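Have the viewer open and click along as you read.

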Amino acid sequence: MRRARRPLHRILRVAICSLVGLGVSAVGRGEPPSSAPGGGLPELPAPEPWPTRGLPDPEAPNTTSRDPAGVTDSDGEGEPPTENTSDGDTGQVDELERERERLREFEGVVLQGRRAASDERWREAITAYEAALLLYDNDPQVLRGLGHARFSSLKGGGCPERAIEDLLLLEVYDPRNLWLRERVDVLRWMAKCGDRYEAERLRIALEIAELPLGDQGRPASIDVEAAGLLWGKASRLEGISRDKMLDRVRGFLAQQAQTDERANVVAAAQTLFLRGEVARVTGDNVAALDAFSQLLSAYPKEPRVKALERVVEELEIQRSIAELAKSRGGRPTPEAQAAYEGGREATASGDFDAAERELRNAVDASPWFPRAQYELGQLLARRGRLTEAIEHLRLATVMEPTDYHAHMALGLVCFKEFKGARDDLAKKHFGVALRLRPDLYQLHFYLGELMSREEGAEEREAAQAHFRRFIAAAPPEDPMLDGAREALRDLQRSLTAPGPMEAAPVPPRAELERLDPDLQRRIDEAYVVGAEYGDWRRAQRLLLDARSSHPGVPALLNELAKVSLALGDETRARTYWEESLTQDAEQPEVHERLAIVSGPGVDADEHWEIAARQGSLRARYQLARRAFDGLRLVEASRHLDLYRRAAGPYELDWEQAEALAARTRTRLRSIAGVLIGLLLALLAWGGALVYRRYRGDSLAVVIEIAPKSVPEVARILSLIRHEVLKHNTSFLVDVGHDLSRGGDDAAARATTLFRRLFEGGAEEPAPDGEGAAPHDMERRGIYGRFLGYCQDLEAVARTHGRRLNLRRRDPVFGPMLTAFRRVKRRARDVRSPKSLSAAARKRLGQQLALDGAVLGREASEQLAGMVERRCLVEVDGELLRSIFHEVIQEQQFVGLDTRLVVGGLDIASVRIFRTDLDDILANVFRNSLASSRKYTEGPIELGISLTRELDEITALETLAISMMDRSPEPLTNEMLRGRYADRGMGITADLLSRYDGSIAVEPRETWSKAVVIRFFCVETTDD
C-alpha cells in the first residue's frame, strides 16, 4: 500500500515526538494514579475526533477533553490530585506542568486555524495548523483541517499533492474514524493529478465500492469510477489477467446500472463510454455500437464525441459487413467476375459511365467482392463523389485487410481531398499499407506530412523520421523530393533515422478463406507469434511444420517468404516465392516482391513485365521508369500511357508517373528536334555534295548559252587535239595491241609512253581538277597538261558566268577523264609487264587499246566536230536585220531615223564563229551610220544584199555581203585596212583574215558606195 510522501524534516520530527510521547505514556501506565506516597502522574486522555465532513466549527467546544485543573483516574472519574511531598518527585511535577502548557498552546493554535478557515483565510489557517503539528505531530484532526485548507487555497485547478499527503496520513493515524470519512475526498483530489496516484486511486475506489449499497460513505458513482480505473489497468495487460479484469469491469458497470436505475438517473458519459469500449475490445460490436450511440445522443458536447463519431462509423461498417458476410460464398460469381472485368476495361478506355454501371453490377451480384469494391471506390473518387468512394474503399479494406492497394487509395483520398479533416483515417491506412509493403517509400512522405501537422513532440519526431526514410529511398527525379527536404528543414530538430521497417507477414485473408481450416489456424498462429510478439524464429518453425503436412500451397509459401524476409534472409524468401509461382503463376504481388529483391537486372525486368501483364499498376510504372533510365524513351512513353489509362490520381505512383511522363515528353521532343536537325543537316550536306558534284553544264551548253566564248574554247580544244591526243594518246592503241600480242619491244614502248603521259609514276602529288596548280599539271606530263586545259575551259566558262562540269556533265570530256584514270591505275603493270601472266598481259593490252580508242580517234573527232559545228554560220537576211537592229539600239544612234533596204538574198554558209561575224558586220554598220548621220540629211537609208559568186580561177564559191549607204564621204580600200582612229577598220580586216575573208569598197547603182565582205562558202550536210 502506497503512503503519502513527506519531507525529510517532517519525518524526523514525527519520529522524535513519537518517542517522547511513548515515554510519557509508559510512565502513566506503569504507575496508575494513587493518593499513596510515591504515586505516578495521572494519564492524559487522547483527543476526541473532529467531525469527518466540512471544517471544524470555531464555536464548538475544545476538540480535546484535556483539563489542566484535573486528571482522569483509571476508572474514568475525576479526583483531585494528591500532592507528592517526596523530595524525589520534583522532576516529574515540572515535566507535567510543561506538558500542560504545551497542551494549552496547542489548543490555542488550533482555535486560530479553525477561525481563519471559517473566514477563508487559507494561508493563516495553514500556518496555524502547521504550528499545531509542531506541538503534536500527526494529530488526525489537525491533519484533516490542514489538508482541506491547502486544497481550498489552490488556484488554477492543479494537483493538490500536499493536501492529498496530509489526508493520506489519516490512514495511518486514524484509520477507523476520520480516514473512512475523508477517503472519498482523497479519491476525488487524486483525479486532478493524472496517473500520479493511479494505484492509490484504484485501491481506494475498490475499498469504497466494497461498501454495501446505501451506505452514506459510498458515493453513487463509485462503481463507474472503479470500473474506469480498472479499465485503464486492463488495457495494459494481456491474456488471462486481462480477461479477469475485464470481467470485474463489467461487474462494476452492471452494478452502476442498477444504482442509476434505482435513482432514476441517466447513465453518465463515462459509464456509456466504458460500456462501449469494453464491448468493442471483447468483440461485441452490437453492444459497443449501442453504448456509443447513446453517448453521442445524450452528451453531444462531450469532448470524446468527435473521436467517437468515427468509431461509431467504423462499427456501423462492421455491422453492415457482418450482414454481407451472411450472403457471401467465398469467390465471386461468374456474372460478378465478368462485370468486374468489363468495368476495368471500360475504365481503361475512359468510359466512366459504363465502368460504374458494370462495377455496380459486380457488387450487386457478389456483395463480398473486395476488388470490385476497390475499383468502384477508385472510380467514384475520380468522378468527385468522395463520400461514396470512401464508403466502398473502406469496405474493401475490411473485406480484404491485406489489400494494400485499398489502404493506399483510401489514405490518398482522405489526404488529398479533405484538407486535414480526415487526417487520422489517412494516417491509419497509410500505416497499414506501409506495414504490408515496406518498399513503398512514397508512404513515408505522406505519413511525414500528416504527422508534421500535429503539435506533439513525438509526432514531429516521427514526421522527421518518415521524411528521412523517403529522402533516402526516393530517386533524384522524384517530384516530391524537394518538398520533403523543405519540410524536414522546417522541423525544429533532427533525429537519427530509424532502420527500415520490417515486413509484417499479415495472413492473406482472401486466400485463407479457401484454405484448409487446419492450415488456416497454423498460419494465424504464426502471424500472431511473429507480427504481434516478434518471435520470427518460432513463426518460421510453425510454418515449416505446416508445410510438412500441406506442401505446395501458394499462400503458405508466400507467408514463409515474408517471414524469411523479416528475418533478413532474402535468398530463402526468393526461393519460397519462386516455388509459389510454380504452383500459381497468376500472382502479380509475388512477381513484384521478386523484382524488388532481385534488384536491377534482367530478372527484375522479367518479373516487372509479368506483374504488369497481370494488372499491377506499380509494375507498369516501374517498367516505365526503368525504360526511361535506360534511354528507351518510346518504350517508357508506351508504359506510361498504359499506366495513366488504367490508373487514377489516387494511385500511389500517380504524381511520379505524371512527372515522368512530362520528362519523357520533353526528352522525346528534344531528341526528335535533334534528329530532325541532324536529318536536315545530313540532307543538306548530301544535297550540297550532290549539287557540287553534278552541278554545272557541259561544254556544248556553255558554248550555246555564251557564244562569245567559242573562239577561246576552240583555241583550247585545238591545243588539246594537237598536244594531247594526236601526238600522245593515239599511241595507246598500238601499245595495247603489242602487249596483247606479246611483242618484244612492247614493254619498252609502253614504259616510254607512260612516262610521257604521267610523269612521277603512279603517285599523284596534287588533286585533279580545280584543286591542282598549273605547275603540278606540267609535272604530271601529258595528263597534267590535259587537266590544265580542262581548268582553262572552266575558267573561260566562269568568265561568261557559267560553271563547267566536264567530268560528270560533258559527254566528250567525261569519258576522256575516266579513260585517263583507268590508264593511270595500270601504270605499275605497264612498267613491269613480264611479271604478269599471259592472260593478265592480254587483258591489260585490251584495256589500253580500248582506252586509247577513247583518247585517240574518238576524242579527236568529237572535239573537231564540236569546233567545226561552232565555226559554221548560215548567213541570211534575218541575220543581217538582227545585227542592224542591235546596232541602232546603241546609245550613239538612239533617236536616229534609219531605214534598211534589203536587196537580193542568196543564203549560204560560211566558216566563221558567229560572234566574230557579228562583230565584223556590226562594225561596218556603225561606220555607215556614222558617216550618213554626218553628211546626209533626212532619213538615213542603208542597204544590204547577199550574193553568191563563183571564182573563175579557183572555181570556189564565195558569199558577198554588201552593205550600201548614201553618204557622200569618200571611203577607199586603204582607209578600210588602215589604222585610222576615225574611219579605220584594220582590226576588222585582221579578224577577216583569220577566216580567209576579204573586205573592199565597191560602187553600186543608186547608192554612194558599198562595203563588200566576202567569205568562202561551205557546203553543209545533215548529220
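Leaving aside residues up to four places away in sequence, Ser564 touches Gln540, Asp569, Arg572, Ala573 and Tyr576, where contact means heavy atoms within 4.5 Å. This is a predicted model, so local features need pLDDT of at least 70 and side-chain atom pairs 80 or more, while totals for chains, interfaces and linings use all residues. Residues are numbered from 1 along each chain as its sequence is written, and side-chain values use heavy atoms, with hydrogens and water left out.

**Around Ser564**
- Ser564 sits in helix 26 (residues 554-566); helices (H or I, at least four residues) and strands (E, at least two) are DSSP runs, numbered from the N terminus.
- Its relative accessible area is 0%, so Ser564 is buried (buried is under 20%, exposed over 50%, partly exposed in between, with a 1.4 Å probe and protein chains only).

**Strand 9 and its neighbours**
- Eight of the 10 residues in strand 9 (residues 1007-1016) are buried.
- Strand 7 (residues 957-965) runs antiparallel to strand 9, and eight bridges join them; strands pair if DSSP finds at least two bridges between them.
- Look for Met964 opposite Ala1010 in strand 9.
- On strand 8 (residues 998-1004), six bridges make an antiparallel pairing with strand 9, and Val1001 has Val1011 as its bridge partner.
- Two residues lie between strands 8 and 9 in their hairpin, where Thr1006 takes a positive phi near 70 degrees.

**On helix 32**
- Val674 belongs to helix 32 (residues 654-694).
- With a relative accessible area of 49%, Val674 counts as partly exposed.
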